[in-house]
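Hello,

Here is the structure I said I would pass on. My notes on it follow below.

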Amino acid sequence: MSRNTDQKGNRTENKGKKKDREKEKEEEKKGQKREKEEPEREAGSPCWCGSGLPYASCHREAERKLEFFRARGEHVPDRHLIRNREQLAGIREAGRVNALVLDAVAEMVHEGISTQQIDDTVRRVTGELGGRPACLGFEGYPKSVCTSVNDVICHGIPRADQILHAGDILNVDCTTEYGGYIGDASRMFCIGTPSPEAAALVRVTGEAVERALSVLHPYCHLGDIGAEIASYVGRHGYTVVHEIGGHGVGLSMHEEPYVAHYGRAGHGMLLFPGMVFTIEPMVNAGSRRFIVDPVDGWTVRTADHSLSAQVEYMIEMTEEGPVVLSR
Ligand SMILES: [Zn+2]
C-alpha cells in the first residue's frame, strides 16, 4: 500500500527535514564531545537494537559506515532503519507469504468476477497461510486489499457491485502481516485483451520498476530511483504521480524513508544494507494530477480520467545489491 503525502504534508516534511538536519548537526557536535568522554561503545555489550547480540557483531559495522558517510555530508538513514538479522529473517518471511497471497489472486482474477471476490480471496488465503491482511483497519481502511481499476491510481476499495470487464486493467495491492512483520507488493492484471494503449502503459510501468532495480546498489541515493523511473516513463509520454509513493516497510506498514518516483540522481538519503523499502510508481497515461474520492476518502483517480498503472516491489538492500522480497 502506497504512502500519501499531500502538498501540505510535503511542505511540512521538508521543514521537518531541515529541522532534522539542524538537530543532526547539534547531535553530531554532542556526539563528538561524548566520544571524547566515552571513546568506544563496548564491543562486547548487547547491541542497542535489542537483538541480544554483542554490539560488535550486530550494528557496529553499519554505524561506522553511517559515521563515514555523515562526515562526508551525505544524508544517512536513522540507525533504526538498518534492520538486525532477526528482523530481516522475519521481514523476508512476511515478503514470501505476501507473494503467495498475490499468486492466489493471480489464479482467480478473470472477467466477470467482482473486486469483492478478490478481497475475499486475499482474506481467506492470508489467514490460511497464518498471516493477517495488514491494510484491514489501517487508518480506517475497510477492506483487506486495494483493487484499483482503469483510471483509479491506487487505494481502490473492493466492492461486490464492481465487476471486472474485458479490457480493464487492474492493480491489486496487498499488504501482509506475518509473524509480526510486514510484506507489501502489488501487481497489474489485464482482464481479457487490453487495448494497445493499456497494454503499453502496463508494460512500461513494470519496466520502470525493473530499471529502478537495475540502478540500485548499496549506498546509492534515494534520488537515483526517482530519476530513473521519471525519465523512463517520460520517454514514453507518461507521467508519474509525485504526492504518493513508496516507503520503508517491515516492522510497520509505512516507515521512513518516503520513496519518491521522481527526483535527482545522486541526491537524497543513502540506501544502506539492512534497509527494506518499496518501489511502486503510479504511472498515468495523461496528467499526473489526481482527485481523492470525496465520499470514501480513499480512492485516488486521475483528474483527467486517463488510465493509470502501478507495480510494487518490496526490496531489501544487501551488501551484494538489492534483493526483491515480494513482487
Ligand atoms: Zn543491533
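**An open sheet of three strands**

Three strands make up an open sheet, in the order β4-β13-β12, with antiparallel pairing. Strands β4 (152-154) and β12 (290-292) are at the edges, each with a single partner strand, so one side of each has no neighbour in the sheet. On average, neighbouring strands of this sheet are turned by 35 degrees against each other, direction ignored. Strands β4 and β13 (residues 300-302) run antiparallel and are joined by two bridges. Cys 154 has Val 300 in β13 as its bridge partner.

Before going on, note that this is a predicted model: local features need pLDDT of at least 70, side-chain atom pairs count only at pLDDT 80 or more, and totals for chains, interfaces and linings use all residues. Residues are numbered from 1 along each chain as its sequence is written.

On terms, helices (H or I, at least four residues) and strands (E, at least two) are DSSP runs numbered from the N terminus. Two strands pair if DSSP finds at least two bridges between them.

**The chain as a whole**

The protein chain has six helices and 16 strands. Of its 327 residues, 43% are buried (20 or more other C-beta atoms within 10 Å of the residue's own; exposed means 12 or fewer, partly exposed in between, with C-beta atoms placed from the backbone). Among contacts in the protein chain with a separation of 6 or more, 68% are between residues 24 or more positions apart; a contact means that the C-beta atoms, placed from the backbone, lie within 7 Å.

**Strand β15 and its partners**

Five of the six residues of strand β15 (residues 313-318) are buried, so this strand is largely enclosed by the rest of the structure. Strand β10 (residues 276-279) pairs with β15 in the antiparallel sense over four bridges, and Thr 278 stands opposite Met 314 in β15. Strand β16 (residues 321-326) also runs antiparallel to β15, and five bridges join them. Ile 315 stands opposite Val 324 in β16. The hairpin from β15 to β16 goes through two residues.

Leu 213 lies in helix α5 (residues 196-215) and touches Tyr 313 and Pro 322, leaving out residues up to four places away in sequence. Leu 213 and Pro 322 are 109 residues apart in sequence, and their C-alpha atoms are 7.1 Å apart in space. Leu 213 is partly exposed, because 18 other C-beta atoms lie within 10 Å.

**Two helix pairs**

The axes of helix α3 (residues 85-108) and helix α4 (residues 115-128) come within 9 Å and cross at roughly 140 degrees. Axes here are lines fitted to C-alpha atoms, for helices over the stretch in contact, and angles run from 0 to 180 degrees between N-to-C directions. That makes α3 oblique to α4 (under 35 degrees is roughly parallel, over 145 roughly antiparallel, 65 to 115 roughly perpendicular, the rest oblique). Residues of α3 including Val 101 and Met 108 meet residues of α4, among them Ile 118 and Thr 126. By class, this contact of α3 with α4 has seven nonpolar, two polar and no charged residues (Ala, Val, Leu, Ile, Met, Phe, Trp, Tyr, Cys and Pro count as nonpolar, Asp, Glu, Lys and Arg as charged, and the others, Gly among them, as polar).

The axes of α5 and helix α6 (residues 222-235) come within 9 Å and cross at roughly 145 degrees. The contact of α5 with α6 has eight nonpolar, no polar and four charged residues.

Regards

Conventions
Contact = placed C-beta atoms within 7 Å.
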